[in-house]
Amino acid sequence: MTEVTLTHLSKSYDGRYRAVSDLSLTAPCGKITALLGPSGCGKTTVLRMIAGLLAPGDGEIAFDGHSILPIPAEKRGAVMAFQNHMLFPTMNVADNVGFGLKMRGVDKNTIRQRVAAMLELVKLPGFEKRRPNELSGGQQQRVALARALVVEPKVLLLDEPLSNLDAHLRNEMRDLIFSIQRQLGITTIFVTHDQEEAVILADQIALIFGGELQQVGPPEDFYERPLSIPIARFFGGVNFIPGHKWGAQVETAVGAFIPSCRSSQPDGPVMLTIRPENIRLCANGEEDRVNGRVLSHIYAGTHTRFKIATSDPDQSPLEVIADASLQHRICDGSPISLHLPPDKIWLMPR
Ligand SMILES: Nc1ncnc2c1ncn2[C@@H]1O[C@H](COP(=O)(O)OP(=O)(O)O)[C@@H](O)[C@H]1O
Ligand SMILES: [Mg+2]
């Protein structure tokens with residue numbers, strides 16, 4: 001198994017603007033790493049540099065500690081699937097999947113066996129004789145995946161593998177990629193702009209904004225321990241309360257809190273955040289509560305989402321996700337108290 005290390009990687013296309021800037025990251029052996037970020041943030045550029053389709057302007061790329069920069073793309077053992085990797089329209093599925101083996105001079109019998117095994121893996125057994133135009137979009141994607149994997153690469157690179165599929169196919173393909181990756185244990189780096197996709201598929205997420213790495217870690221870090229307000233927002237964070245930290249205590253316009261998180265924020269101005277699903281609605285008047293008033297609510301089947309105005313006119317309303325049944329018991333306009341559990345409060349720089 002292969003560990004991929006990027007060190008101080010940079011790339012500019014026109015010499016001035018940097019598409020990727022000083023990016024350092026390790027993609028661990030046998031795990032799925034997601035490169036996540038908005039469109040244009042440099043994800044594909046990173047992937048193409050790893051694949052050998054683009055030379056870095058600066059920095060190093062290593063597989064298991066050895067630089068791969070001197071090694072041409074076809075010998076690196078990293079295959080890239082999906083973007084700009086359409087199937088050959090005149091070849092049948094077997095020839096498409098076996099293409100990489102044929103180029104390597106593998107004998108026909110072995111090719112036939114390996115192609116059959118790959119089609120089994122992507123759940124298209126017996127599809128050898130079909131042509132690409134006789135396949136659905138989802139089936140074509142699976143053939144492309146089989147074609148990438150047939151050469152037994154060390155590293156699998158997937159560029160937005162789910163973005164061209166409709167919702168139903170997307171889930172199916174996502175589950176297939178996950179199960180194949182777990183079966184083969186291949187180090188996988190995939191690119192996506194969709195945080196939900198990254199959270200479901202990845203062991204590790206690397207979040208990139210404007211060519212710069214913002215945060216690396218397991219998916220839960222981005223919900224529970226975002227390093228900045230933009231990161232929290234990208235992951236659906238909506239509740240931000242400015243405050244001032246004095247030792248263990250944080251004073252805000254809506255009350256004082258003693259968060260129990262291990263936050264490394266120094267004393268001074270901070271931004272307190274808490275996810276809507278972690279705030280609890282309580283009967284009015286209890287101590288140690290944030291007092292507010294229900295502005296509006298939306299019933300969403302599995303839960304109800306409330307907007308609560310606090311006593312501070314400058315504070316934007318806090319959002320709370322609560323039990324769906326509460327919509328019958330809590331009316332818009334009524335006073336309400338909020339409990340912010342100390343272990344769910346997180347502090348960021350302001
Ligand atoms: N061949 C190219 N020439 C010039 N600029 C490019 C080229 N490819 C990408 N870019 C620019 O580099 C930035 C990053 O692009 P890209 O890596 O494709 O982003 P992403 O995959 O995250 O959408 C974008 O601003 C894009 O316009
Ligand atoms: Mg891209």
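A salt bridge here means a side-chain nitrogen of Lys or Arg within 4 Å of a carboxyl oxygen of Asp or Glu. Side chains of opposite charge can pair when their charged atoms come close. Keep in mind that this is a predicted model. Searching the whole structure for such pairs turns up 9 salt bridges.

**Stop one: R225 and its partners**

Select R225 and D221 and show their side chains. The two meet in a salt bridge, with 2.9 Å from N to O.

E224 counts as partly exposed, with a relative accessible area of 44%. With D221, E224 and R225 on screen together, you have one network, joined by salt bridges that share partners.

**Stop two: a link between two strands**

Now select E319 and K307. Their side chains meet in a salt bridge of 3.9 Å, N to O. Colour by secondary structure and you'll find E319 in strand 18 (residues 318-323) and K307 in strand 17 (residues 303-310), so this pair ties together parts that are 12 residues apart in sequence. Is E319 buried or exposed? At 14% relative accessibility, E319 is buried. K307, at 36%, is partly exposed.

**Stop three: ligand 1**

Next, centre on ligand 1 and bring up the residues around it: Y13, Y17, A19, P38, S39, G40, C41, G42, K43, T44 and T45. By type, this shell splits into 5 nonpolar, 5 polar and 1 charged. Which helix gives the most to the shell? Helix 1 (residues 43-51) does, with 3 residues.

- K43: a polar side-chain atom lies 2.9 Å from an oxygen atom of ligand 1.
- T44: an N or O atom of the side chain is 2.7 Å from a ligand 1 oxygen.
- T45: here the distance between a side-chain N or O atom and an oxygen of ligand 1 is 2.5 Å.

Ligand 1 exposes 560 Å² when taken alone, and the protein buries 57% of that.

Conventions:
Residues are numbered from 1 along each chain as its sequence is written. Chains are lettered from A and ligands numbered from 1 in the order in which they are written. This is a predicted model: local features need pLDDT of at least 70, side-chain atom pairs count only at pLDDT 80 or more; totals for chains, interfaces and linings use all residues. Side-chain values use heavy atoms; hydrogens and water are left out. Buried means under 20% relative accessible area, exposed over 50%, partly exposed in between (1.4 Å probe, protein chains only). Helices (H or I, at least four residues) and strands (E, at least two) are DSSP runs, numbered from the N terminus. A residue is near a molecule or strand if one of its heavy atoms lies within 4 Å of it. A polar contact is a pair of N or O atoms within 3.5 Å; within protein, one must be able to donate a hydrogen and the other to accept it, and residues adjacent in sequence count only if both atoms are side-chain atoms. Accessible areas come from the Shrake-Rupley method with a 1.4 Å probe; for residues, only the protein chains shown count as cover. Ala, Val, Leu, Ile, Met, Phe, Trp, Tyr, Cys and Pro count as nonpolar, Asp, Glu, Lys and Arg as charged, and the others, Gly among them, as polar.
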